[in-house]
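Take a look at the model below. We will walk through one annotated site, residue by residue.

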Amino acid sequence: MTHPTASQAQRHHSRADQLIHQFDTVLRTLVPHAAQPSRPTPAGDIVDSEISDAERQHAAGLMRINHTGEVCAQALYQGQGFTARLPETRSQMELAAQEEIDHLAWCDARLVELDANTSLLNPLFYMTSFALGAAAGAINDKVSLGFVAATEELVGEHLSKHQQTLPEGDQRSRAVLRQMEIDEAHHEQWALEAGGHRFPGPLKSAMRLMSKVMTASVYRV
């Protein structure tokens, strides 16, 4: 009977640890209120002005979209990190994913304040995004990083638009989105500086079309 060598055992242990970490991240991503931020919410002690019920519902719809966007971002980074070839790329994916956990928790907390729920469609969008991220990472790191840059560019556009369309009195949501926009811009810049391939315009247009499907469905569900 043969026994595994130390290196084989280490590889097996590392793989097992990776799977456990992935499962834990899935739970923290999909279970409401499970994500724990490493930074305090940017809303801080900001006090909102009075808003109507209709404005509150609109703000909740926008924050639900942003929360689902962070679910997708988590899945994307997890899928890419799972198949990324270069160790430094994988470590950067993990760091960016941690900042996305902050965003996820901030949006979740704001939805609670608005007396609203997260989207019931999150598991579907999570699985789709994970598959896309893993596929991009399996091609090569340049495509994977390019996908990150293109996605973060798209997310930044949404965040900027949402800050403009939020009810005037909803300053807490606006503060959260403002910090998220700053972080996403850093992720985009990192991905390009790390060698990410700039996606062509037609491909970005296709991504925007897919994003419209997500936002239209998640706004109310």
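Find helix H5, which runs over residues 141-165; Glu152 sits in this helix. The model is predicted, so treat it as a computed picture. Is Glu152 buried or exposed? Its relative accessible area is 4%. Buried means under 20%, so Glu152 counts as buried.

What does Glu152 touch? Leave out residues up to four places away in sequence, and its contacts are Tyr77, Glu100, Glu184, His187 and Glu188. One of these partners, Tyr77, also makes a polar contact: the side chains of Glu152 and Tyr77 come to 2.6 Å.

Now move to helix H6, residues 171-193, where His187 is found. His187 is buried too, because its relative accessibility is 5% and the cut-off for buried is under 20%. Again skip residues up to four places away in sequence. His187 then touches Tyr77, Ala96, Glu99, Glu100, Val148 and Glu152. Its side chain makes a polar contact with the side chain of Glu100, at 3.1 Å.

Glu152 and His187 share an annotation. The unreviewed UniProt entry marks a "binding site" that covers Glu100, Glu152, Glu184 and His187. Why can these four be said to gather at one spot? They span 88 residues in sequence, yet no two of their C-alpha atoms are more than 11.1 Å apart, so they come together in one place.

Notes. Residues are numbered from 1 along each chain as its sequence is written. This is a predicted model: local features need pLDDT of at least 70, side-chain atom pairs count only at pLDDT 80 or more; totals for chains, interfaces and linings use all residues. Side-chain values use heavy atoms; hydrogens and water are left out. UniProt positions are given in the numbering used here, feature names are shortened, and annotations may be inferred rather than shown by experiment. Helices (H or I, at least four residues) and strands (E, at least two) are DSSP runs, numbered from the N terminus. Buried means under 20% relative accessible area, exposed over 50%, partly exposed in between (1.4 Å probe, protein chains only). Contact means heavy atoms within 4.5 Å. A polar contact is a pair of N or O atoms within 3.5 Å; within protein, one must be able to donate a hydrogen and the other to accept it, and residues adjacent in sequence count only if both atoms are side-chain atoms.
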